[in-house]
Amino acid sequence: MPEILLDGKGYALADGETVLDALTRGGAAVPSSCRSGVCQTCLMRAVEGSIPAESQKGLKGTLQARGYFLACQCMPGGTLRVERPGAEAGRLSATVRAITPLNRDIVSVALECSDMGDYRAGQFINVFKDGTVSRSYSLASAPGIDPHLTLHVRKVAEGRVSGWIHETLRVGDTVAISQPLGECFYLPSDPEQPLLLLGTGSGLAPLYGIIRDALRHGHRGPIHLYHGSRHKDGLYLTDELHALAREHASVQYHPCVSREEPSGDLRRGRVVDLALGDLTALAGWRVFLCGHPDMVQSARKRLYLAGASLKDMYADAFIRSAA
Amino acid sequence: MSQALFEKIGGEPAVNAAVDIFYRKVLADDRVNGFFDDVDMDRQAAKQKAFLTMAFGGPNHYTGADMRRGHAHLVARGLNDRHFDIIVEHLAATLRELNVAEASIDQVAAICESTRKDVLGR
């Protein structure tokens, strides 16, 4: 039976187990979150033995070349000696500069991280509560506009990381975070292309960064933002977004509620239904989708059938945590 | 000869353009979309790209045995000649939209036809 060797101890790898399964079962403290090969929290480095190519999918070439792999995606054929990721794999230290409520369930967390190089609005980072527990949060900030990295953290029932952020974390605290990750961001490739941004709940975070980043890059095509929540009190940043739409004739902002009668300028319905009703044909549009995974999956399919091209649809990597 | 067809159609850029149109036609067709209900659209699109590359005579490593194995679970769910014909028809319509010459479309249909027995597990 193949073994995983870590910190001088051996962990037997049972049939069908990943490296993460074997280490966790054996009591080793290995951070993990999505367990789907997306969040890169369980990054490890192989120093002896061979790792399957699937376990390096999505990693930067420089990390791949040094033997880094994702423990949750790795089912090796033989014995493997592994170690925890070093500083070069991008664990960074950040200082909390502000914690501001955005609505009843969501706070904005501003982080200062002098070691973080370039990032793109719409990417995400992992926030580590301790040595093993972390969660991915999209960046709501945009480089060149916001002084700090900003996250929108919704308090999840019994959420270990969101609960800690809401209740324990204080301004001035130091937290460990990852390098920015993910491919859901704006590219100034075609400034005339119409943009459709659909988000639910705290899925507004990356869209709030992307929309301001696009405008900063001089995007001229129409930009339609639909932000949805069940109830009115789930919406947030409404004043800021209305102001953005007033300042830029190209921007249309549609706050939507699905479970109550709308008042004022609110619209009643789900974001995908309303967007498809307004726009009908989406050939040539660039689309950004962020929020609940079921919404993202179904929206992707429906917008594609309405003419949006697969290569022009960007979705954030939010996945309900398995850990 | 196959390689010549692939280049005539327009190579990889043509495959990318065709996948977008072809996969949309297939997903919108209730007669066959049940066989394409994988929730992971990127994975599905990658499979369609591999299929179109082969059908256009491009570089591929498919063997008859791969075709059999890859479709066995669909045959078990009722995949038959009618479905096969519908897919080939969607592919031909896609190529017409992209202004590919009829002679080339016939060649693509012939390549598809050569896989029928393996795809349907006969």
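Mentor: Two strands pair if DSSP finds at least two bridges between them, and the strands (E, at least two residues) and helices (H or I, at least four residues) are DSSP runs numbered from the N terminus. This is a predicted model, in which local features need pLDDT of at least 70 and side-chain atom pairs count only at pLDDT 80 or more, while totals for chains, interfaces and linings use all residues; side-chain values use heavy atoms, with hydrogens and water left out. Residues are numbered from 1 along each chain as its sequence is written, and chains are lettered from A and ligands numbered from 1 in the order in which they are written.

Trainee: Which residue in β4(A) is the bridge partner of M44(A)?

Mentor: Begin with the strands themselves: β3 (residues 43–48) and β4 (residues 68–70) of chain A run antiparallel and are joined by 3 bridges. In β4(A), the partner that M44(A) meets is F69(A).

Trainee: And which residue in β5(A) is the bridge partner of R45(A)?

Mentor: Strand β3(A) also pairs with strand β5 (residues 80–83) of chain A, in the antiparallel sense and over 3 bridges. On the β5(A) side, the partner of R45(A) is E83(A).

Trainee: Which residue in β11(A) stands opposite F128(A)?

Mentor: Strand β11 (residues 174–178) of chain A pairs in the antiparallel sense with strand β6 (residues 91–101) of chain A over 5 bridges, and there T95(A) stands opposite T174(A). Strand β8 (residues 124–128) of chain A also pairs with β11(A) in the antiparallel sense, over 2 bridges. In that pairing, the residue opposite F128(A) is A176(A).

Trainee: How far apart are the closest N and O atoms of D146(A) and R212(A)?

Mentor: A salt bridge is a side-chain nitrogen of Lys or Arg within 4 Å of a carboxyl oxygen of Asp or Glu, and the count between domain 2 and domain 3 of chain A is 2 salt bridges. D146(A) and R212(A) form a salt bridge, and their closest N and O atoms are apart by 2.8 Å.

Trainee: How many residues apart in sequence are the parts that E167(A) and K155(A) tie together?

Mentor: E167(A) forms a salt bridge with K155(A), the closest N and O atoms being 3.1 Å apart. E167(A) lies in helix α3 (residues 160–167) of chain A and K155(A) in the loop between β10 (149–154) and α3 of chain A, so the pair ties together parts whose separation in sequence, in residues, is 12.

Trainee: Which three residues of chain B lose the most area to chain A?

Mentor: Between the two chains, 10 residues of chain B are in contact with 9 residues of chain A. Chain B and chain A bury about 930 Å² between them, 58% of it on carbon and sulfur atoms. Those that lose the most on the chain B side, together 59% of what that side buries, are D20(B), R24(B) and M41(B).

Trainee: How many salt bridges are counted between chain B and chain A?

Mentor: Over all chains the structure holds 27 salt bridges. For the pair of chain B and chain A, however, the count is 0.

Definitions and conventions:
Contact = heavy atoms within 4.5 Å. Buried area = accessible area lost by both parts, 1.4 Å probe.
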